[in-house]
Amino acid sequence: MGFPKHRAEKALAATGNRDVQLASDWLLTHVNDPSLDECSPREYILYACPTGRFLEQIHDFWAKSKELCGWNGAHNFTPHITLVSFFKAPDECAPQLSRALKQVVEQTAVNLDRPLKLEQYTSHNFMGFFVVEEDANYLNRLALQYVKEVSNSIISDTYEQLDALTLLQMGFPKHRAEKALAATGNRDVQLASDWLLTHVNDPSLDECSPREYILYACPTGRFLEQIHDFWAKSKELCGWNGAHNFTPHITLVSFFKAPDECAPQLSRALKQVVEQTAVNLDRPLKLEQYTSHNFMGFFVVEEDANYLNRLALQYVKEVSNSIISDTYEQLDALVACFPWCGGVTSGARCIPRSSRSISLEPHVKSLHLTLAYQFPEAQYGTLKSLVDNLDPSCASAWELRLYSRDARLATKQVHKILYPHTPREPDELELMIGDYIYLSSDALQNTQDGWVEGISWLTGMSGFLPENYTVRTSESDAWTMHRTVQLCKAMLAPEEGDAANGKTPDPQDNISESTAPIEDISMTKEDSVPDFYGAEMAKTFQQMLNSTGNASILSEAVDKSAKSVTPEVSGRGRRIFVMRHGERVDFTFGSWIPYCFDEFGNYTRKDLNMPKTLPRRKNVILGWQKDSPLTNVGVYQANLIGEGLREAGVSFSHVYSSPSFRCVQTATGVLTGMNIKDTMPINLEPGFFEWLAWHAHSGENVVEWCSKQELTDTGFNIAMDYQPCIPVDQLHNHYSESLEQFYNRNNTITREIIKKTTGDILIVGHAITLDACTRDICGKPPRQSSELNKLMQKVTYCSLVAAEQVGENEWSIGEPPCYPVTHTNNQRFDWKILSG
């Protein structure tokens, strides 16, 4: 029809998003409306309105009152009780506002089955009815739930749309952007763009093949540990069986296919269903052991099975309503903007083929958790004895998990890479530690020379590889996890606490760090995910939306709202402060190099948040592309942390920094805020650089950092005589390091620094540095990738953690002495919007 997008959205909102025909009629009648192109949000209000005989009585009363007494203020509105006062919202948000109301009422457990109780009240300037307290509380709960539902829906949709829009602005086609976001769990645009770069040679990249989704209820805590121990022993004694192919689970919704663009709704629906379900389990799930000669596991008792089935049914209903509603709304707007999409009238509504293909239903079989199946009958006795040692009474912690997988690879075995391999022939596949390989059973059975053809999970490319360089692992290890929601909370035994902690990530995934190609998947079970999560999966539009409650996730969350900052007191132990760098230019502005540098390497900033000048360095353009500076906001973040430390009475005897320019800038900013920049030199320690496997996987060499002399010439206070624990020329030895070896690298340097120094020290590095430098000295083993990834997503810019010495060789994580830095986002302003 040719209407501009903003007019189409305005028309749909003005006509209640009923249908495209009504909206187009509205546009034609408003063709001369001078406010048609104004960006003026509508005002919305939520009423509870009477109907039926009571409404007729009020209308009769108003008619007689007008006749006898004339107009008064009550005649200005329909009879109502105001639940939510007027609020403004953009036109594009109208569908969510409407849909949220329906969802809230449907999912509210208590409904009135009697007349609303009203008490008459009259005075000399008011006459009406007040709602009695009991019913008023019910209406207030509805209003509060609606406000919460709208807030969550609008924020989630905004982020998802911004992610897709950013990928489109980066030049990726729409179908590829949607595929990448779905394949990485819709976590953030950086992760999706990295996925696209690693899959650039994937022959299936442009295929229209929907992913398969499944909904599990998964145990966590001590019961999960028992199952893992059981599986480890059963593999050792009896070999592989069918149960080892998946993470421990109870299937609630069987595999169903959905288009990539529907992934956000599927994820959001899970969170909404659990939040709006009135009854939650506050005790262990009741399980009954069952064994036979071809199956061993636990069945859920009827009472709890009914509860889980209700959740599954509600999820199916929520997804169906959400997908269909969104389809109609998007289709109406599309037709209004683009006439070649075909006319759709209110009498002939249709759903696009992609949405019609979604068919999901709850798992119809008896709910159960499988321990073993598809095993030889001779192994029954051994497995039965192992099963008898499990204690289902401790199954107190559960979470819902929404997974997806590439449907094309569903029939293949998943193998984990044990050893790297560099191709020597064109048809060979490169193998990298941490990658997964999809292999067919036929290929494994028919190989004569030990070489098999497989597909790389990391790149999507296929080729031949030596089978003995891999080991079979669970299929679910290579799945994408879109959402985890805690299902029930029960009292945990003290020894169970560590096992339960970290198993349920915050649904609002935030920030971690790396420029390497990465794909974020399952992130749940130990050893279940590759170590490609990266340390800075930065979300361009969310990196400033940090919650103060989550700002220090390496220590217990503390409510600091009523605390005042006081100087440090004596009697405490020695402390090591570890800090992440501030906001970086490349993750804030995306591809900034082509716009800010000319062909001669001269820099010009294009935004006030970019640095005014940059120091000269070798390989100017490549150097800054690989070694990003801070934004001005990032420098200010560091200054604020420094001021907070100074006000808290903190002083440092030594300061260490990763040689990355953003880390050197951050350390300098902190020292500037503490007023000790000129007297405290910075020791550059290359060993504190991020995990080198990220760079090895992407084919990069170690970043060429600014030299000490270049930094000194620019005005940084660098310790020229410091001898690093790991010099730059030795870093290449760590290219193939595992995650555990990376932890050991940071721990070795940290312990060496502790041995050689006294007093409090500051280490400035990357997101992963906070954990890597403190984990071992606090007496804890390196984290598994699944656990670490949940942690890293909450280590925001300039996060600070303090490890305090509590014994001769004992350290513990404690609360930092200053507040974190929290602020909102501020998108780039385009003045042209006011020039029309």
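Which side chains meet in a salt bridge with a distance of 3.8 Å, N to O? I looked this up and found E134 and K117. My cut-off for a salt bridge is a side-chain nitrogen of Lys or Arg within 4 Å of a carboxyl oxygen of Asp or Glu.

**Ground rules.** I am working on a predicted model, where local features need pLDDT of at least 70, side-chain atom pairs count only at pLDDT 80 or more, and totals for chains, interfaces and linings use all residues. I number residues from 1 along each chain as its sequence is written, and side-chain values use heavy atoms, with hydrogens and water left out.

**Salt bridges.** I count 24 salt bridges in the structure. Back to E134 and K117: their side chains are the ones that meet at 3.8 Å. E134 lies in helix α5 (residues 133-169) and K117 in the loop between α4 (94-106) and β3 (118-122), so the pair ties together parts 17 residues apart in sequence. For helices I take DSSP runs of H or I of at least four residues, for strands runs of E of at least two, numbered from the N terminus. K117 is partly exposed, at 39% relative accessibility. Here buried means under 20% relative accessible area, exposed over 50%, and partly exposed in between (1.4 Å probe, protein chains only). I also find R114, K117, E134 and D135 linked in a network of salt bridges.

Next I checked D678. Its partner is K677, with the closest N and O atoms 3.7 Å apart. D678 is exposed at 67%, and K677 is partly exposed at 26%.

Then I looked at R783 and D771. Their side chains form a salt bridge at 2.8 Å, N to O. R783 sits in the loop between α23 (769-772) and α24 (785-792), while D771 is in helix α23, 12 residues apart. Both R783 and D771 are buried.

**Aromatic pairs.** I find 27 of these. Rings of Phe, Tyr and Trp (its six-membered ring) pair if their centres lie within 6.5 Å; planes under 30 degrees apart are stacked, over 60 edge-to-face, the rest tilted. W592 and Y603 pair edge-to-face, 6.5 Å centre to centre with 75 degrees between the planes. W592 is in the loop between α15 (585-589) and α16 (593-596), and Y603 is in the loop between α16 and α17 (620-626), 11 residues apart. W592 is buried at 4%, and Y603 is buried at 17%. The rings of F742 and Y743 have centres 6.3 Å apart and planes at 85 degrees, so I log that pair as edge-to-face. F742 is buried at 1% and Y743 at 3%. Ring pairs also join Y216, F246, F255, Y403 and W479 into a cluster.

**Charges over rings.** My test is NZ of Lys or CZ of Arg within 6 Å of the ring centre and within 35 degrees of the ring normal. The charged end of R584 sits over the ring of F587, 4.1 Å from its centre. R617 lies over the face of W624, at 4.4 Å from the ring centre.

**Helix α12.** In α12 (residues 380-387), I note L383, L386 and V387 as buried. Seen down the axis, the buried residues of α12 fall within an arc of 100 degrees, so they line one face of the helix. I take the arc from the directions from the helix axis to the C-beta atoms.

I searched the whole structure and found zero. The cut-off is a pair of cysteine sulfur atoms within 2.5 Å. C596 is buried at 2%, and C706 is buried at 8%.
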